[in-house]
Structure formats: structure tokens, C-alpha cells
Amino acid sequence: HANRNGPPPSNICESFNSKGIPMKNLQGIIFIIITAFVTGGSTSRLFAEEQPSKAQLDARLKQTVTVADLVSYAYRTNPSILSAKEAWKATVEKYRLAAGYPDPQFTATYFPEPIETRLGPQDWNMNLSQVIPFPGKLSKAGEVVQVEARIAKLDLDKAVRDVTVSIRESFYEFMYIRKAKLVTGENIQLLNHLRKIAETTYADDRATFFDVVKAQAQTGQLRYDAILLDELEMTEQTRLNGLLDRDPDAEFGRLEAGTLQSLAYSVQEIYRLAEDHQEEIQIAKTQVEKAETKVDLARYQNLPDFKVGVTYSAIGKPDVSNPPSDEGRDAYGVQFGLTVPLWFGKNKSRVGRARAEMEKAKAMTSLRINETQTKIRELFFRLENARRIMELYGKELLPQAAKSMEIAETWFRQGESSFSDFIETQAVWYNFQLAYARARADYGKYLARLEGLVGQNLTRKKSAPANSTGKDDQ
């Protein structure tokens, strides 16, 4: 039989899951683990909570938007994830096709002119035969499908991961745009106030006409920025809705994220984690295992297949004057045959091709590891640079700019500086606010990409929690 230890399981998923967990439950577990990875939450807590429905999630997204809800929604609706799920199911169903016996063959022959035999004319006959592969060949073919099912499962994990990373990137970009709109609106109000001051002081000969024009020009630039940010917000909203398979113009509520946390691992530790957890590397390693199994299968294919069968021939009564005593007796027979793998060059090439594919899979594994380490180092630099910029602006430049703006206003009111100096300090403060928001968004996006490369949360270790930057995302 295809399975040396017995028939294939009644539930195909059991052949890929030693605990016999149904595929539907396995998919739910995948989602819970991925959500725990995204949010950094406790898996046991997620098991205890009832998962919300699509309608409930849609209502939530119109009120308060979190990354966890976005990922939960996408898991139910994203076409890439749904396609990967069905591909996994299709691969699982291949097990019976690969490990089952070939269909038996039945043939029937009718003779318009019966063949004369000693017992009488042969009118027709029937044959039933079954091909039996060499023992172990079907089991090995089933092992290949099992490995393919594991690869399909990793492809599903990869699809969920890629969508999750895209959602996180879009979420942080969306949050930056909304923060930039808020900052721009506040600065427009401030500049309108400054413009009125400039017009008043110009009337009192305390400001020049150039100061008035400069304030008006600065206000016009901010209004252009506001229009641009509105367009960018709609674009990012459409992109995020596309990941969720929602209407392009579906609205989102207030964006809510947790604190931005620093890395809990060194770059060398991240290398090792990626080699152990990244889906692409795991797929490459599983491809090596598949190639090794196909080498064994190629050897089995060089062995003969057997064929057994039965035959029945209908014999009529002979038209003779002195018939034999067993006249008209039907004939029965048993058949046995086997294939002869005579062409040794063909057999050798079959094994040689399988070995070449195995070496190719090993080389691709090394290539994948090297490429991943290069990307990790690049993202690690970008992430740390975003963190440094965020701390620079948040702890030093922004407070200094706010203080400078207060001093410039005081000096201007006291007649110790020009109105242009006041406008310049306001512009610097505005640009610093945008740079700070940009650095925060970049930190969240680069962290999402880095965790996507590694395949797990990097801001906390199991043994000890990671340190937070102490700044929220609002």
C-alpha cells in the first residue's frame, strides 16, 4: 500500500499534522500566532478571546483603527491570503493522487467472426488488470507530496506575513500624513495670527512691506501643503483598503498604535533568528528535503512495476459431429506481468537530474541566507538611524525650536529683532515637527520590514521585555 504502516488517514490533514488538527482549526491557529507577532501580545490571551466577525471589524475600523484589527480583517478578505489558503488545500489533496494505486483497467473484446477452438468458437472475452508499483514507490511519492504541503503551508505563512508588513507600513504612513495635516493646520492658524501682526506693525511702521509679503507667502505655501496632504491621505486610504479588499473610498477612524519599542536583539542575534524563522529560508530548506526525497523516488522509478489480472473467454458449442466431452466450456485465466527497466541510460539520467536539483536547492538555500543577512543589515541601519533622528528632534531640536520661537516673538514685541526673524523661527519649528513625525513613521515602517524578514517580534524577548522609547504614536 502507499503507506507502509497502513492505509492513508481518513482526514488528509492528519498526514501532515501528527495531532490530527483539522485544517480549518490550523488556519485559525496560524491567524492567532500571526496576530500575536504583529501586536506583541500574548497568544494565550488571544486564544481566550472570541475572534470578532467581519462586520464587527468593519464597524471598529470606522471608529478606532489598530494594526491588530487591520490584520484580522485582511486575514479574512485579502485575495493573496485566500489564494495561498486554497493552494495549500490543493496540495494536501494531492496526497491521495500521488500515493494511491493506478486505476484498474478493464477491456472487453467481441469477435464478429468467432475464433474456432477445440472446445468451440470463442465469441468474446473480458480482461481485468491492475498495475502494482514496486513496494515503497507509492510511499516515497507520498512523502514528496507531504513535503510539498509543508512548502504550501509556508507559502501561506509568507502571504500572511507580507500582507501584515504592507498593512503596518501603510498604517504608519497613514498616521504620518494625518499628523502632518494636524501640524499644518496648527501652523496655518499661527501664520494667520502672525500675518495680522505683520499688517498691524506695518501700519505702525514697525514692519516692512517685505515682512507682510513673506507672511502671506508662507501662509500660501502651508495651504498648498494642506491640499497635497489631503491627496496623499486619500491615496494611502485607497492603498490600505486595497489590502483589506474594501471599497477604495471606505473611511477609517482614529489611528491608534502602541508605543514605539526599541530592538531587543543584536544584529547577530537577528541573523540567527532569520535563519530559523524566515519563511523563504524555511522554504529553501524544505526544498532541499524535497529534492533528497525525489532522489530516493528516482531510484524507485528504476525498479519494475508489476501487473496482475484475470481474463474470461466465452466459448460456444462446436458445430462438429463428434464434440469433446467438455465442449462449450468457458475459459478462465490469470495474468501476471512486469515492466522491464532495460534502458539504463534513462534510469541513470533520472537519478542524475534529481541529484542536480538537490544541489541546486542547497545552493539556493545559501543564497537566500546571504541575501537575507544583507537586507537585515541594511534595515538595521535604517531603523537605528530613524531612532536617532527621532530622539534628536524629540529631545533636542523641537524643544529648542519652540523656545527660539517664543524668544523671537518676545524680542519682536520689544523691538529687538525683525519680523522676518520671527517668521523664520516659525518655519523652522514647523519643519522640525514634520521631520519628527517622519522619523517616527519611518521607524515603524522599518521595524515592520525587519520583523517581516525575521519572521517574529523583535522588540521583546521571551525571557525579558524590551525597553520602550517612552513615546506614544499619537
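Contact here means that heavy atoms lie within 4.5 Å, and on this basis residues 24 or more positions apart account for 79% of those contacts in the protein chain that have a separation of 6 or more. The structure is a predicted model, in which the protein chain holds 11 helices and 6 strands. Of its 474 residues, 45% count as buried, while the accessible surface of the protein chain comes to about 25,500 Å², with 54% of that area belonging to carbon and sulfur atoms.

Four of the strands form an open sheet in the order S2-S3-S5-S6, and the pairing within this sheet is antiparallel. Strand S2, spanning 105–117, and strand S6, spanning 331–338, each have a single partner strand and stand at the edges, so one side of each is left without a neighbour in the sheet. On average, and with direction ignored, neighbouring strands of this sheet are turned by 20 degrees against each other. The pairing of S6 with strand S5, which covers residues 306–315, runs in the antiparallel sense over 8 bridges, and Val308 is found opposite Phe336 in S6.

Among the helices, H9 extends over residues 279–301 and includes Gln282. When residues up to four places away in sequence are not counted, Gln282 touches Leu154, Glu275, Asp276 and His277. The C-alpha atom of Gln282 is also separated by 10.0 Å from that of Ile369, a residue 87 positions away along the chain.

How values were computed
Residues are numbered from 1 along each chain as its sequence is written. This is a predicted model: local features need pLDDT of at least 70, side-chain atom pairs count only at pLDDT 80 or more; totals for chains, interfaces and linings use all residues. Side-chain values use heavy atoms; hydrogens and water are left out. Two strands pair if DSSP finds at least two bridges between them. Helices (H or I, at least four residues) and strands (E, at least two) are DSSP runs, numbered from the N terminus. Axes are lines fitted to C-alpha atoms, for helices over the stretch in contact, and angles run from 0 to 180 degrees between N-to-C directions. Buried means under 20% relative accessible area, exposed over 50%, partly exposed in between (1.4 Å probe, protein chains only). Accessible areas come from the Shrake-Rupley method with a 1.4 Å probe; for residues, only the protein chains shown count as cover.
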